[in-house]
Each structure stands twice: as structure tokens, then as C-alpha cells.
Amino acid sequence: MLKQDYMAVSQDQPTYSEAPLQLLLFVDGRPKSRQQVQRIRAYLKELKAEYSFELQIIDVGQQPYLAEHFKLVATPALLKIHPEPQQTLTGSNIIAQLKSWWPRWQAAAAAFIKLQEDLKDIADDNGYLVRPQSTIRSVAISAELIKLSDEIFHLKQEQEKLKEQLQFKDRVIAMLAHDLRNPLTASSIAIETLQNNFDVENGKFKTLRPGMVKHLLKQARAQTKIIDRMVADLLQVGRGNDTNLPISPQKLELDKISLEVLEELRDRCIAKSQKIETDIPNDLPSVYADPERIRQVLVNLLDNAIKYTPNKGVISLSALHRTTQKVQFSIADNGPGIPSENRDRIFENHYRLERDESKDGYGIGLSLCQRIIRAHYGQIWVDSNPSGGSWFHFTLPVYPF
């Protein structure tokens with residue numbers, strides 16, 4: 001709804017036949033332009049005493065979309081919007097320009113009045129008359145339409161965003177139900193085996209040897225960690241694209257934690273007969289990083305490497321002390337590789353390559369890795385593996401003490 005002091009024309013304002021000349025004065029709140037606006041308004045008041053016209057004053061601070069509608073690049077500005085064609089006066093000499101154009105504007109207005117009278121005579125002969133609406137009123141309507149179209153555009157954007165989030169939610173729920181089945185089954189089998197073989201009265205296992213008991217406990221613990229990681233990843237991504245990812249950095253031996261993650265995932269490598277090659281120097285310095293966050297990165301990258309490396313393929317882990325400030329860690333596979341045009345997009349949240357749509361996963365792992373590494377002021381990127389596949393690299397700061 002339009003404000004009374006905005007674009008509405010009061011009932012006592014003249015109609016076209018009385019005031020065909022219609023002007024819009026665009027002003028702003030700058031102190032420097034205030035005096036100029038006052039001079040322009042005073043001069044227009046003098047002109048109105050001799051010649052009737054309609055004037056509407058518009059503050060661009062309150063209605064910026066109107067300035068865009070009329071393609072204004074500076075204010076104050078005086079626009080003649082009727083009769084056509086429109087004309088804009090801007091600059092520091094608006095009054096001088098107005099003195100020059102005023103006689104021509106009056107002539108144009110007189111020509112318009114003559115045209116209206118001729119049309120009235122024609123209309124009387126034919127028995128009908130169509131009178132145009134006020135141009136100032138039409139500007140008000142246009143302004144409201146501009147606002148409404150902007151609001152509709154933003155609402156459509158929000159609708160698409162919500163639709164995408166709902167689709168992702170449905171997809172994640174389905175995948176989570178599927179992906180949780182494997183670690184839950186493996187953990188349940190290990191725990192049930194231990195439970196069924198335990199003699200409560202004697203406090204001993206009936207048939208299981210100590211080595212097997214240790215293996216089953218380790219298996220149950222590893223699968224529980226996988227479940228915890230999956231849930232943690234989803235909860236973390238659910239927080240959105242907040243760059244202020246909370247981390248608790250400390251002195252961390254990257255080679256040690258990488259070997260621990262490899263051990264957790266070893267059964268998956270064995271199932272696919274994959275070979276693991278490591279090249280980590282003995283003098284690799286400690287890094288300054290959050291252990292749990294970096295574990296998430298390593299698990300995600302190694303999990304992808306195992307997933308995309310074919311049976312009997314090779315996965316490589318290597319580390320490099322690039323400078324006195326950074327350590328670079330790299331994980332390679334000989335899978336299908338990443339097309340060059342997609343190497344930046346694969347780190348986007350929920351993005352998946354078209355070929356991977358049928359594979360397990362949420363499209364969130366690499367996005368989470370990027371957020372974690374950036375939170376440590378490091379970098380993460382992907383290159384092609386000369387022997388086929390991909391090299392994923394990330395850097396972390398060296399522990400300073």
C-alpha cells in the first residue's frame with residue numbers, strides 16, 4: 001500500500017487538462033545536496049505561481065528502486081515524465097538547464113492539450129472517450145510492481161533453496177539408513193560373538209582365544225567409531241557454510257594418526273585386495289591441528305580412495321615438509337580420476353559428479369574436509385595422478401614450539 005506522502009496525487013491536484021506537465025524531483029539525504037535541493041524547490045515554486053504543473057518529490061534513500069527504474073546515476077535530478085518523451089536534468093546547474101528547457105516544456109504541454117481537445121472532439125462524434133491515467137499515478141504503480149517483482153524473485157530463491165534442502169534431507173536419510181547397516185551389522189556380530197562365548201559363572205570365554213577376543217573388541221570399537229563419524233559429519237554439515245568451524249589445535253603427529261586411520265580401514269582394503277604404499281619421512285615435524293578434525297579429513301579422503309580404487313589397485317600416502325611453516329600430506333588412488341572442469345566444484349557442499357550418483361555417499365565429505373583445513377589456515381586441492389586416478393593434497397601449519 002502506498003504512503004500518502006509518497007506517490008499518491010491528492011484530490012485537489014489538477015488533472016491532465018489543467019496540468020499536463022508532470023515532474024519528478026529525486027533528492028537524497030546528503031548535507032552537500034540539501035542547499036541545492038532547496039534552491040531547485042524554491043525556483044519551481046516561482047514557476048508554479050505562473051504555470052500550473054504537478055511535482056512529486058522522491059527520496060532515493062527510501063525508494064532506491066525508483067532511481068534504478070529511471071536509470072538515475074546522480075541526485076538531485078529533475079525528470080519531466082509528461083508529456084513524452086521523458087527528460088532528465090542532473091548536475092550542479094539544474095536551475096540553469098531548467099530555464100533553458102522551460103519554454104520548450106510549456107510548448108510541449110500546450111501541444112498535448114491541443115491533442116486532447118482534438119481527441120475529445122473525435123470521441124464526441126463517435127460516442128466514446130478514453131481518458132489516460134495520471135502519469136504520476138502510473139509511476140506509483142510501477143514502483144509497487146518493481147517492489148513486488150523483487151520480493152517474488154527472492155521468495156522463489158528461498159523456495160528453491162528449501163526445496164533443495166528437503167531433497168537433500170530425503171536423500172541423506174535414505175543413504176544413512178543404508179550406510180549405517182554395514183558398521184552396525186559388523187559391530188553387532190562382534191558383540192554377539194563375545195557375549196555368546198562368555199561364561200558368566202567362570203568369568204572366562206568358552207572357546208575364544210585371547211587374540212580373537214582382542215580382535216573382536218577392536219572390530220566393535222572401530223565400527224562404532226565409523227558410526228560416530230557418519231553422524232558427526234552429517235551434524236556438522238547441517239550447520240551450513242559457517243567458516244568459523246570450532247577447532248582445538250594442539251601438537252599432533254600426522255604420520256601416527258594417519259597410520260591409525262589406515263588400520264581402522266584396513267579390512268576394507270583387504271576385502272578389495274588393495275595395496276597401501278606409504279612414503280612418510282621419519283623427520284616429519286609435528287603439526288598444529290585439532291586431532292579429531294584432522295582424523296575426519298583423513299578418514300574421508302582415505303574412504304574415498306578405497307571406494308574409487310578398483311580391486312587390486314594401489315593407494316598411496318605421502319608427506320612432505322614443504323617449508324618451515326607448512327607440512328603437505330597427500331593421498332593418491334588409481335581410480336577414474338576427477339575431470340579438470342570439476343576439480344573446484346567437488347569441494348562444494350552436496351556436489352557429486354554425475355557418474356557417482358549411484359554410489360553410496362552424501363556429497364558432503366570433501367566439503368567438510370575443505371572447511372576443516374581452511375579453519376587451520378591450510379589449503380586442500382586435487383591433481384591428476386600420472387598413473388591414473390587422483391592426488392588429494394592438504395597442508396597444515398607446523399607446530400611452532
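Reply: Happy to! Let's take the open sheet of 4 strands, which has the order β2-β1-β3-β4 and mixed pairing. Strands here are DSSP runs of E with at least two residues, helices are runs of H or I with at least four residues, and both are numbered from the N terminus. Two strands count as paired if DSSP finds at least two bridges between them. The model is a predicted one, where local features need pLDDT of at least 70, side-chain atom pairs count only at pLDDT 80 or more, and totals for chains, interfaces and linings use all residues. Residues are numbered from 1 along each chain as its sequence is written, and side-chain values use heavy atoms, leaving out hydrogens and water.

At the edges of this sheet stand β2 (54–59) and β4 (87–90), each pairing on one side only. From one strand to the next, the twist averages 20 degrees; for such angles, axes are lines fitted to C-alpha atoms, for helices over the stretch in contact, and the angles run from 0 to 180 degrees between N-to-C directions.

Now to one pair in particular. Strand β1 (residues 22–27) runs parallel to β2, and 6 bridges join them. Within this pair, Leu-25 has Ile-57 of β2 as its bridge partner.
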